[in-house]
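Morning, everyone. I have one structure to go through today, and I will begin with the ligand site before turning to the protein as a whole.

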Amino acid sequence: PSAGPVTHALSSQVAGHANAVLTTEDDTLLIKQALPLELQFYQTVAAAAEPELDALRPFIPKFIGTLSLEGEFDADAPTNETSIAFKPLAGPRKDSLVLENLAHPFLRPNILDVKLGTVLYDESAPPDKIARMRKAAEATTSGSTGMRYSGFQVYDNTTGTAVHTSKAYKSISAAQLPEGLARFFPIASAAPGVSTGTEPPLNQGLPSALLHPILELLREDIADIRDALSALELRLVGASLLILYESDPVRAEEGVKWMLDDERSSSSHSSLDDDDSDSDDEGDVADGKPKKPRKPTPPCDVRLIDFAHTRFVPGQGPDEGVLLGLDTFLRLMDERIEVVARCL
Ligand code: ADP
Ligand code: MN
């Protein structure tokens, strides 16, 4: 089984163009076609020294660099879950972006792509595309609320498989947005009395005691993203918030405990105090092999992604449509936090 392809389609892709994203065999890196504006955005942010861009940097995927592919996807050849056929390039070599795969640290990531903004077309797009994207904004919650759910996956705990939303889910009404978030952040109910009747199936989700701190951590980060973007003169056409959280209860609990301990220790005492026990842990030997303790990973993550149509617009102020979308989403998060808090 070690003779697999060097790259394969990202299995946890929840939105966007089909098979647009590849990952390396070890799943740590993501490879996507380098469109000029997206490449320019990542290079500018990587090189910039402005404090306004410093504030954004923790909230975009780590940019590793570019890569030239020797071939391209063969759309006519059969494709399966683990391999994509390549054919030699007809024209000049195309560059790809190499980014960190945000899903990699998770065992069973629930992932939501929230497309931001009211304007979904670039000013340089041909008239027919502009007309199409205007219609798309009007036909979805993008036009009125500045955001829409592009797609999401939620693990089913009984089968251990990821369940994806259908394409049609994009066209839900603004009134259905809270229900959408409840589907993405379902409460696995331990106590049968608390079910509200509108909650998703019980074989999905985390208990409220884990879901609640995860929602609060995400909310805090999204508020920081909003603050960072309000100080930047950008047009983030077609960009998304990518929200990920661990749905495996054991891993999620480990991550939540670690995050909360970390917050406590960083605010009360110096990290020098709590680093004296690790020489004992590392010496553990089981079955003749040294047992390496796995470093806990955060239970959740949220980043901005997809900058293929993002431009810097000096002197023109922040992207009001994107800020509107973030405000809508923060309100939805607050509502969900309240519902989950009632189940604590
Ligand atoms: P497109 O132009 O096709 O919309 P995106 O950059 O939006 O390309 O990526 C499409 C999908 O791939 C996203 O919805 C997400 O599921 C996944 N994805 C993109 N970037 C990353 C990343 N850095 N880490 C993990 N998943 C990603
Ligand atoms: Mn996208």
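By class, how many nonpolar, polar and charged residues does the shell around ligand 1 have? It has 10 nonpolar, 5 polar and 4 charged residues, where Ala, Val, Leu, Ile, Met, Phe, Trp, Tyr, Cys and Pro count as nonpolar, Asp, Glu, Lys and Arg as charged, and the others, Gly among them, as polar.

Some ground rules before the details. This is a predicted model, in which local features need pLDDT of at least 70, side-chain atom pairs count only at pLDDT 80 or more, and totals for chains, interfaces and linings use all residues. Residues are numbered from 1 along each chain as its sequence is written, chains are lettered from A and ligands numbered from 1 in the order in which they are written, and side-chain values use heavy atoms, with hydrogens and water left out.

Back to the site. Ligand 1 is surrounded by 19 residues, each with a heavy atom within 4 Å of the ligand. The closest are Val-14, His-17, Lys-32, Asp-113 and Asp-306. Domain 1 (7-100) and domain 2 (109-250 + 296-342) both contribute to this shell, so ligand 1 lies between them; the bounds come from an automatic or database domain assignment.

Now the polar atoms. An oxygen atom of ligand 1 lies 2.9 Å from a backbone N or O atom of Val-14. For Asp-306, a polar side-chain atom is 2.9 Å from an oxygen atom of the ligand. At Glu-100, a polar backbone atom lies 3.0 Å from a nitrogen atom of ligand 1. On its own the ligand has 550 Å² of accessible area, and the protein covers 95% of that (Shrake-Rupley method, 1.4 Å probe; for residues, only the protein chains shown count as cover).

On to the protein itself. There are 9 helices and 16 strands, taken as DSSP runs numbered from the N terminus: H or I of at least four residues for helices, E of at least two for strands. Of the 344 residues, 43% are buried, meaning under 20% relative accessible area with a 1.4 Å probe and protein chains only.

Thr-24 sits in strand β2 (residues 21-24) and counts as buried because its relative accessibility is 18%. Beyond its neighbours within four places in sequence, Thr-24 is in contact (heavy atoms within 4.5 Å) with Val-6, His-8, Leu-29 and Ile-31.

How values were computed: Polar contact = N/O pair within 3.5 Å; in protein donor to acceptor, adjacent residues only side chain to side chain. Buried < 20%, exposed > 50% of the residue type's maximum accessible area, 1.4 Å probe, protein only.
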